[in-house]
Amino acid sequence: MSKKRVAVLISGRGSNMEALIEAARDPKFPAEIVLALSNRPDAQGLAKARAAGLAAEIVDHRPFGADREAFERAVQAKLEANRVDLVCLAGFMRVLTPWLVGRWENRMLNIHPALLPSFKGVHTHERALAAGVKIHGATVHFVAPEMDSGPIIAQAAVPVHESDTPEVLGERVLAVEHHIYPLALKLVAEGRVRVADGRCFIDAAPARDAALVAPSV
Ligand code: GRF
């Protein structure tokens, strides 16, 4: 089966993008990263993508003002020009409209630094500490019109330590993000993820493949 062509959409550092690029270097990986796309011309991840030999493009959202859909049409044009099969949002800081999300139903993935449906939105590590949770983590999910919702593909849990700062906890979560995003993309690209009733069902060994508990980090 031919490899799925993947675009990674970023706005900043791009460490999850790097994890996906690294995973896709394996000849057996079922997807290839064909495009890195940023809405911010100054995103650090752009240089990382270029250093990895990737096509790195910019669609700056600012000239489009409040017209989110016009921005998304420009993004969609890039995705089509690169014959993209799957889109991975990786720290892409734009709220998407149903126009774009609808075009990529069950083909657009996002990573969120919390165990959804807990802690949607921003500042997840601060909020997890304030809530006193003992377990925190990360989620890869298909993108639905409502922010940080959509069928969950994979999750990873990490312990919360009493001495944690948001930064320390965030680093522990980021380490597992870099594991589960490639894992989730692999499952999707292999065609092993079926969506029904808002849930993902994974062919063969779902517990082992889609859940990562990391007590040692
Ligand atoms: C990650 O924590 C991701 O979960 C969130 O934004 C951050 C992006 O980091 N959506 P990076 O750009 O991948 O390094």
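**Notes on the ligand site and its pocket**

1. Let's start with the ligand: one of its oxygen atoms is 2.8 Å from a polar backbone atom of Asn-16. The backbone of Gly-14 also has a polar atom 2.8 Å from a ligand oxygen, and a polar side-chain atom of Arg-13 lies 2.5 Å from an oxygen atom of the ligand. Polar contacts here are pairs of N or O atoms within 3.5 Å. The protein covers 84% of the 370 Å² of accessible area that the ligand has on its own (Shrake-Rupley method, 1.4 Å probe).

2. A word on the source: this is a predicted model, where local features need pLDDT of at least 70 and side-chain atom pairs count only at pLDDT 80 or more, while totals for chains, interfaces and linings use all residues. Residues are numbered from 1 along each chain as its sequence is written, and side-chain values use heavy atoms, with hydrogens and water left out.

3. Around the ligand are Arg-13, Gly-14, Ser-15, Asn-16, Gly-91, Ile-111, His-112, Pro-113 and Glu-177 (a heavy atom within 4 Å). By class, this shell holds 2 nonpolar, 5 polar and 2 charged residues, with Gly counted as polar.

4. Where does the ligand sit? The ligand is in the largest pocket, with more than half of its atoms within 2 Å of the grid points.

5. The largest pocket has about 1,200 Å³ of space. A pocket is an open set of points on a 1 Å grid over the protein atoms alone, where a 1.4 Å probe fits, with protein on both sides within 12 Å along at least five of seven lines; lining residues have an atom within 4 Å of a point. Of its 41 lining residues, Gly-91, Phe-92, Met-93, Ile-111 and Pro-113 are the closest to the centre.

6. For the lining by element, α6 gives the largest share, 6 residues. The lining divides into 16 nonpolar, 16 polar and 9 charged residues.

7. The peptide bond from Leu-116 to Pro-117 is cis, with omega near 10°. His-123 has a positive phi, near 55°. Most residues other than glycine have a negative phi, and most peptide bonds are trans.

Key: Polar contact = N/O pair within 3.5 Å; in protein donor to acceptor, adjacent residues only side chain to side chain. Points joined across faces, edges and corners; volume = space filled by probe spheres on them. Helix = DSSP H or I, 4+ residues; strand = E, 2+ residues; numbered from the N terminus.
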